[in-house]
Amino acid sequence: MDRVAPDPAPVGTLPVALDAMGGDNAPGEIVAGAVQAVRERGVPVVLVGQPRLLYETLAAHDATSEIPIVRAEEALSMDEGALASLRRPRSSIAVACHLLKRGDASAVVSAGSTAGVVATGKLRLRGQQGVGRPAIAVTLPTLPTPTVLLDAGANADAKPEMLVQFAHLGVAFAQVALDLPRPRVGLLTIGSEAGKGNKLVKRAHELLSATPGVDFVGNVEGHDLLTGRADIVVTDGFTGNVALKTLEGSIKYAFGQFRETIDESAVARLGGVLQRPRLRRLYRRLDPEATGGAVLLGLNGTVVIAHGSSRAAGIASACELAARLAAGEIVTHIGERIASIPRSHRLW
């Protein structure tokens, strides 16, 4: 089947700076994802990494004339933590952030070490004025619209005031990315009653209940994360990351068990064939790569962190998400929202 070319990007559109050396499957799947983003989704991309290796990989896709390369000889390994941003000032993710800061890119995408990407982003781009701690936001596949969970790993330790700020970051993100004019905010804890939870959650509940501009709907328990009870769920980075990975593992396990059940008999296999279109739609909706990855909110620039094991389709989705957020001026929207909070209600 002939590939249908996407509508060309507007003249002057800045490319997404893609860290080609970050991720479990770099650079092969990263480059393949860049090619998909350019050819199938109309998103301009610039690859950042080792030129010779990237040129050879692009040549395999006959795409050397479509995607430019910016040199970066160093790369953060997947097991390197936050200090790697200081040890490797010329890493591919650092150079990508430099392109964004200099105005040569619209956003940054990386499937590299989350700790390394967060630390490098903070160091190179700095936090927005009025934002105390950037937070990682992920979208969960709820219906009719996704639910935003944050923080999903940037801040393992948090104070109640930080959770209030995460709520503001989440509201701005939901308004731009999900087109929700007044998203509902919930607080993740161990019970629906206001008094349930540890000291952090109890105090955060009090503050969120009195925060103007936030439609706080109360506590949300773990089993409500995929029910759509709230449009935004705030928590500390430690709890959020555990919750996210638990959901991903549970979905993967459930689909694996379902496949085994279908293969048990001829009747089950026939039923699976008949339901295949619906099953494929369900799988695409629950596939974490379809969402494009997590977004690091609160920096002076748009940064998307793709899953470390992302394949080409996941990288293409991440590039598309990054381009869409940049076009929606998410950074400006967050800045305006933070600036509009009365000083008497700024808790951080």
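Me: Is K196 buried or partly exposed?
Reply: In this predicted model, K196 is partly exposed, with a relative accessible area of 37%.

Me: Which side chain does K196 meet in a salt bridge?
Reply: K196 meets E193, at 3.4 Å from N to O. E193 is partly exposed too, at 44% relative accessibility.

Me: How many salt bridges does the structure hold?
Reply: The structure holds 10. Among them is the one between R311 and E29, at 3.9 Å from N to O. R311 lies in the loop between β11 and α11 and E29 in helix α1, so this pair ties together parts that are 282 residues apart in sequence.

Me: What about D151, where does that lie?
Reply: D151 lies in the loop between β6 (147–150) and α6 (160–177).

Me: And how far away is the nearest side chain of opposite charge?
Reply: That side chain is R133, 7.6 Å away. D151 is buried and has no salt bridge. A polar atom of the D151 side chain does lie 3.2 Å from the backbone nitrogen of G153.

Me: Changing topic, how many strands does the open sheet have?
Reply: The open sheet has 11 strands, with mixed pairing.

Me: Which strands stand at the edges?
Reply: β3 and β8 do; each has a single partner strand, so one side of each is left without a neighbour in the sheet.

Me: In which sense do β1 and β4 pair?
Reply: They pair in the parallel sense, over 3 bridges. L18 stands opposite V109 in β4.

Notes
Residues numbered from 1 in each chain as written. Predicted model: local features only at pLDDT ≥ 70, side-chain atom pairs only at ≥ 80, totals over all residues. Heavy atoms only, no water. Helix = DSSP H or I, 4+ residues; strand = E, 2+ residues; numbered from the N terminus. Buried < 20%, exposed > 50% of the residue type's maximum accessible area, 1.4 Å probe, protein only. Lys, Arg positive; Asp, Glu negative; His and termini not counted. Salt bridge = Lys/Arg side-chain N within 4 Å of Asp/Glu carboxyl O. Polar contact = N/O pair within 3.5 Å; in protein donor to acceptor, adjacent residues only side chain to side chain. Pairing = 2+ DSSP bridges.
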